[in-house]
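The terms are given with their cut-offs where they are used.

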Amino acid sequence: MLQLFLSGFPKWDMDGEMPHNVEFTVRKGVDRSSRDIAIEWDDIGKGKFYYQDWTDDNIPFVREGETYRSSFWFQKASDAKKFVERYL
């Protein structure tokens, strides 16, 4: 992602200065994991995408029932729209 950022995201649809982005919260063991969504999306999306997870307290461990945040960036604006319609 850093390399894409530094190169200005060539051939990516932009939303201002960044690619189209979707952020959401996942509750472990209750919601679908971001990894499962990314695996599925890899077969659905038309362009490239990048995703990253993090916790609000910066601890790299999430127990069942706890939440973490996920962010997906999309090469194509149409993929971001379709992603929101499908998962959020």
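## Terms and basis

Buried means under 20% relative accessible area, exposed over 50%, and partly exposed in between (1.4 Å probe, protein chains only). This is a predicted model, in which local features need pLDDT of at least 70, side-chain atom pairs count only at pLDDT 80 or more, and totals for chains, interfaces and linings use all residues. Residues are numbered from 1 along each chain as its sequence is written, and side-chain values use heavy atoms, with hydrogens and water left out.

## Glutamine 75

Glutamine 75 counts as buried because its relative accessibility is 13%. The residue sits in the loop between β4 (67–74) and α3. Helices (H or I, at least four residues) and strands (E, at least two) are DSSP runs, numbered from the N terminus.

Leaving out residues up to four places away in sequence, glutamine 75 touches Lys11, Trp12, Asp13, Gly47 and Lys48, where contact means heavy atoms within 4.5 Å. Its side chain reaches the backbone oxygen of lysine 11 at 3.1 Å.

## Confidence

The chain has a mean pLDDT of 95, with 100% of its residues at 70 or more; pLDDT is the predictor's confidence in each residue, from 0 to 100. Among the elements, the mean is lowest in helix α1 (residues 2–7), at 87, and highest in helix α3 (residues 77–87), at 98.

## Methionine 18

Methionine 18 lies in strand β2 (residues 18–27). With a relative accessible area of 31%, methionine 18 is partly exposed.

Definitions and conventions:
A polar contact is a pair of N or O atoms within 3.5 Å; within protein, one must be able to donate a hydrogen and the other to accept it, and residues adjacent in sequence count only if both atoms are side-chain atoms.
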